[in-house]
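Here are my notes on the model you sent, as numbered points. Please read them beside the coordinates.

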Amino acid sequence: MTRHAVIIGGGIGGLTAAIALRGDGRRVTVHERDAAPPVTGTALGMWPSALRALDTIGVGDEVRAVGRPQRAGAFLRPDGSRIVTLDMDRLRRRTGDDVHLISRPALLGILHRAAARAGAELRAGETADADVDAELVVAADGVFSRTREKIFGVSARFSGGTAWRGVVDDRPTDTFAEVWGRGIKFGVTPQEGGRTNWFATAPAPERSFSPGREVAALRRLFGGWADPVRGVLEALDERTVLRHDVYVTPPLPSFVHGRVALIGDAAHAMTPDLGRGACEAIIDAVTLAACVRTHPTIQTGLTGYDRERRPITQRLARVAGLAARMTRVRHALPVRDQLLRASLLAGPPDPAGVHSSSTSAA
Ligand SMILES: Cc1cc2nc3c(=O)[nH]c(=O)nc-3n(C[C@H](O)[C@H](O)[C@H](O)COP(=O)(O)OP(=O)(O)OC[C@H]3O[C@@H](n4cnc5c(N)ncnc54)[C@H](O)[C@@H]3O)c2cc1C
């Protein structure tokens, strides 16, 4: 069999895997269901560990240059009072880097161009499944992964929460702020192009959307909250509000099966409360390529990938789930806020990303 990797899904994880796997000369084909990349989208926080993984495939500096660094951060109450300030300097001292916020289309654009430059074959508007004939199949087909369902019989599970997201123009900020209310939260972050990225989450029955009336729903839930929420709510335009229910991947017994490796949300979709899903997809992809390159066979490489990535990502998914439950608390808010303070006193957490043995080989 030729050294050919097929990647199912040309999202953040799939494109990163394409670039990383091309690094050792393997033929790589990416099948992406959508005919064209998204042109609109909200910001993703790239943590230093993910930026280091992007450095290993040569695009870290471009992401830093296009994205916007988050210089300050705080958790607030709805009246604007402070629960805890995030010590971003401590993160910078520990890692030498800032969290950078970059919109999904901008990140996908950078990865897409790098994958094309690296010589990956990119097939847009085409689906694929794990039966394809190849030495290695990478399932990067997202939270509703058909590959995962077929191999492990595990479907995405509704988390009990819904999320609104959007972008407000002409509001430059370099500060992350998350406001925790009674069972609901609202956040703002920097985004490139002088914009403010915002998000809000609340418990809600599955698919209880209000098309055309989401701004009214948001104003009902968050009306009366102090800035920065007030300013964003005033600027909202119904056409720019995205709403999605949040789904998670139940813990899998393995991220590999035969010659198939699951990465990103296909393997471990988590609630967005730590802002790490895309970061972990990137780290998975780079680690997988390094394991395949440094192990004597594809099979042992895949076993190494599973061993390196499953425990940490499943732990992060558990912590993200706990954080989601904390935001849904409706009583004893001072105790909850005290817990949040205690958990963040050591600064924003950024677990080690790509294992040193993987980076040195990547
Ligand atoms: C509200 C919210 C906020 C978030 N904020 C952050 C953040 O700040 N930082 C962060 O790191 N993460 C964040 N995330 C998580 C992040 O969006 C995901 O974890 C990330 O997009 C996962 O990347 P992926 O490549 O695994 O999957 P996806 O991005 O979902 O890509 C999967 C791709 O596969 C394609 N596909 C599916 N099936 C097939 C098939 N059969 N054949 C071919 N193609 C297929 C799809 O079209 C898609 O392009 C957030 C998520 C949410 C919901």
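1. The model is predicted: local features need pLDDT of at least 70, side-chain atom pairs count only at pLDDT 80 or more, and totals for chains, interfaces and linings use all residues. Residues are numbered from 1 along each chain as its sequence is written.

2. Around the ligand there are 34 residues, the closest being G9, G11, G142, G264 and G277 (near: C-beta atom, placed from the backbone, within 6 Å). By class, this shell has 13 nonpolar, 13 polar and 8 charged residues; Gly counts as polar, and Asp, Glu, Lys and Arg as charged.

3. Helix 10 gives the most to the shell, with 4 residues. Other elements that supply at least two residues include helix 1 (12-22), strand 2 (27-32) and strand 10 (157-168). Helices (H or I, at least four residues) and strands (E, at least two) are DSSP runs, numbered from the N terminus.

4. At 1.5 Å a residue, the 18 residues of helix 10 (277-294) should span 26 Å, and the end C-alpha atoms are 26 Å apart, which agrees; the expected span is 1.5 Å times one less than the number of residues.

5. An open sheet of 7 strands has the order 6-5-11-12-13-10-14, with mixed pairing (strands pair if DSSP finds at least two bridges between them). Strand 6 (82-86) and strand 14 are the edge strands, each pairing on one side only. Strand 11 (175-180) and strand 12 (185-191) run antiparallel, joined by 4 bridges, and V179 stands opposite F186 in strand 12.
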